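Subject: Structure for you to look at

Hello,

Here is the structure we talked about, with its sequence. Please open it first and then read the notes below it.

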Amino acid sequence: MPETLEFKAELKQLLHLITHSLYSDREIFLRELISNASDAINKVRFDALANADRLEGNTDWKVKLTPDPAGGTLTVSDNGVGMSRDEVVQNLGTVAQSGTKAFLDAARQAGKAGEAPGLIGQFGVGFYSAFMVADRVTVVTRPVGSAPADGTRWESDGQGTFTVEPAEKPARGTDVVLHLKDDAKEYLDPHRLRGLVRKFSDFLEFPVVMDVEEEKDGKKEVAEETLNRRKAIWLRNKSEVTADEYAEFYKSISHDPDPPAEVIHYKAEGKTEFRVLAFVPAAKPLAFDWEEPTAGLRLYVQRVLIMDRCEQVLPFHLRFIRGVVDSADLPLNVSRELLQQNPLLDVIQKSVVKNVLDTLAGMKDAEYDKYLTFYKGFGPVLKEGLTRDWANREKIADLLLFESAGTEAGRFTTLAEYVSRMPADQAEILYLTGESAEVLRRSPYLEAFRARGRDVLLLTDPIDDFALPGLGSYRGKPLKAADRADTSPGDPVGEGLKEGFVKVLLFIKETLTEMADVRLTSRLTDSAACLVADGPAVSARLERLLGRMGRDVGDARRVLELNPGHPAVRAVRELHDRDAADPRIAGYARLLYEQAVVAEGSAIGDPVGFAARVNDLIARDARTALTD
Ligand code: ADP
């Protein structure tokens with residue numbers, strides 16, 4: 001008796017979505033099933049490196065398609081690793097991918113089921129795509145190293161439950177039998193299947209075969225036809241591969257629905273030989289932010305797939321790159337752990353990094369709009385490299401784009417352009433960090449810099465507060481935050497002026513105990529006050545970020561700077577000179593501080609008190625107006 005089991009909750013939702021979507025691209029089910037079959041063969045080949053005897057001579061690697069018009073079924077068979085009963089239940093009854101929940105949420109947000117199918121293609125739901133074309137799927141499988149009686153039959157209509165029962169299976173591997181829906185009978189047509197295999201799996205290293213009837217001397221004979229050309233695409237010459245073939249291969253390894261922006265394909269020759277085929281995505285795929293962040297390229301040794309994501313050949317900050325590395329110079333018969341210590345992997349990484357960075361630079365120069373789309377998605381990831389890859393940091397810095405106080409909104413400048421525009425007497429590259437360029441453009445910190453013809457880069461990625469100090473300098477010019485105490489644009493405030501403010505500053509400082517200091521500044525032209533970071537203090541933006549993460553900035557208090565030329569500041573001073581005990585001065589001091597907090601885009605600690613203080617001013621000013 002078959003045993004009936006339920007799918008896990010998330011999978012149920014997923015299946016519902018798949019079966020109820022009129023998925024225009026449903027033909028991708030074949031790519032997904034063939035790719036699973038090929039993974040299974042790769043797995044058993046890898047297993048055989050240590051346990052050759054378990055193959056039992058069954059090494060004629062292939063994926064077989066069997067359309068059966070009479071039964072209305074299409075079967076995809078492989079002689080790969082197979083599955084035990086427990087593995088079938090685990091692998092086909094639950095969803096392992098961590099991003100599935102996020103996928104479902106996004107699909108729900110996409111609202112109409114009509115939009116969800118596009119997401120399916122992007123996400124790659126693997127085996128379950130079978131239910132787009134089949135109303136029932138039967139899987140008969142038997143794992144490597146088992147006997148014919150050890151097989152398992154799994155079956156489901158994709159509605160919430162599946163059954164499992166023991167089954168006899170003569171050969172190791174897996175048969176996936178699709179009971180095709182009435183509107184999916186086209187997948188019984190050998191012609192259609194041939195076309196799809198060419199489209200999706202031409203580069204696959206294992207043959208995808210199908211039995212065909214041939215007329216020979218008037219008699220019908222059955223022959224096995226290989227449907228794919230099989231030459232691993234990365235082993236072919238660049239000149240022999242078409243853009244479409246690259247794009248199909250890229251899609252198959254990335255699940256990105258768009259063709260790549262750039263293809264990096266080369267063979268390294270010299271002391272060691274290896275081949276690289278890597279892709280730069282056109283834009284950030286939807287799933288990029290959901291998925292576990294992993295970096296790496298597929299690693300093949302002598303065309304045997306060793307690892308899906310080999311981290312040693314691709315640094316983390318280039319994790320948007322997808323691709324393959326194949327080297328015949330790596331040892332095949334060692335464990336993955338030992339292999340990962342092989343120094344050749346470092347040589348490969350160096351070469352991959354150089355080629356990727358050069359490709360990005362070329363793209364930026366030759367196809368700026370394309371680069372911009374790429375950069376808007378992956379710029380923040382790339383910036384991680386400023387602190388991670390010391391040797392290449394200037395090369396990475398050259399790839400960065402920034403808005404600046406001097407550029408039009410939505411336009412970008414590079415560091416090189418910024419430096420070339422610096423006035424002769426400007427020694428430092430200035431930047432200001434915050435949540436939006438729009439707010440930063442109006443920041444009081446820019447006033448005096450602007451007045452002196454200095455541009456300031458406006459940085460809005462959360463990582464900027466770490467990445468830019470990490471870079472330190474560019475072409476010998478130090479990078480400086482415009483809101484730090486030691487980055488002052490103007491001449492120091494004159495001694496005579498300072499003299500007159502000593503007493504009132506002391507009073508304000510005693511009132512505002514949260515300030516490390518209260519000083520005069522020449523940084524401001526129009527505004528009355530601003531806050532700057534001094535010594536250990538962090539920037540306002542970083543303070544906000546840390547605050548949101550529940551971290552305390554501790555003793556890193558900031559400095560309140562006042563514009564001695566501003567009428568409000570002057571008036572407070574005069575009032576204090578006349579009557580230091582006037583109770584209103586403390587309120588004015590607090591307002592000077594609070595307006596600086598508001599201007600930098602932070603939240604004030606006591607908004608209700610702030611409102612009361614402002615209302616007080618309005619009431620008094622309006623009264624004065626009445627007597628005018
Ligand atoms: P993915 O391939 O992305 O992991 P799938 O939903 O396509 O997800 O498949 C789930 C799991 O089922 C696979 O990871 C694999 O372990 C197993 N599986 C699927 N097809 C086969 C097959 N033909 N042979 C062996 N195992 C398979």
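For the residue classes, Ala, Val, Leu, Ile, Met, Phe, Trp, Tyr, Cys and Pro count as nonpolar, Asp, Glu, Lys and Arg as charged, and the others, Gly among them, as polar. Counted in this way, the shell around the ligand has six nonpolar, five polar and two charged residues.

The model is predicted, and local features need pLDDT of at least 70, side-chain atom pairs count only at pLDDT 80 or more, and totals for chains, interfaces and linings use all residues. Residues are numbered from 1 along each chain as its sequence is written, and side-chain values use heavy atoms, with hydrogens and water left out.

The ligand

The ligand is surrounded by 13 residues, and the closest are Asn36, Ala40, Asp78, Asn91 and Phe127. Helices here are DSSP runs (H or I, at least four residues), numbered from the N terminus. Two of them, α2 (28-50) and α3 (85-93), each supply at least two residues of the shell. The largest share, three residues, comes from α2.

Next come the polar contacts (pairs of N or O atoms within 3.5 Å). In Asn91, a side-chain N or O atom is 3.1 Å from an oxygen atom of the ligand. Phe127 uses a backbone N or O atom, which lies 2.8 Å from a ligand oxygen atom. For Thr174, a polar side-chain atom lies 3.4 Å from a nitrogen atom of the ligand. On its own the ligand has 530 Å² of accessible area, of which the protein covers 75%; such areas come from the Shrake-Rupley method with a 1.4 Å probe.

Helix α16 and its partners

How do α16 and α18 cross? The axes of α16 and α18 (residues 567-578) come within 9 Å and cross at roughly 90°. Axes are lines fitted to C-alpha atoms, for helices over the stretch in contact, and angles run from 0 to 180 degrees between N-to-C directions. The two helices are therefore roughly perpendicular (angles of 65 to 115 degrees). Contact means heavy atoms within 4.5 Å. Gly500, Phe501, Lys503, Val504 and Phe507 in α16 meet Val569, Val572, Arg573 and His576 in α18. These residues divide into five nonpolar, two polar and two charged.

The axes of α16 (residues 495-511) and α19 (residues 584-599) also come within 9 Å, crossing at roughly 75°. This pair is therefore roughly perpendicular as well. On the α16 side, Phe507, Ile508 and Thr511 meet Ile585, Ala586, Ala589 and Arg590 in α19.

Regards

Technical notes:
Angles under 35 degrees count as roughly parallel, over 145 as roughly antiparallel, 65 to 115 as roughly perpendicular and the rest as oblique. A residue is near a molecule or strand if one of its heavy atoms lies within 4 Å of it. A polar contact is a pair of N or O atoms within 3.5 Å; within protein, one must be able to donate a hydrogen and the other to accept it, and residues adjacent in sequence count only if both atoms are side-chain atoms.
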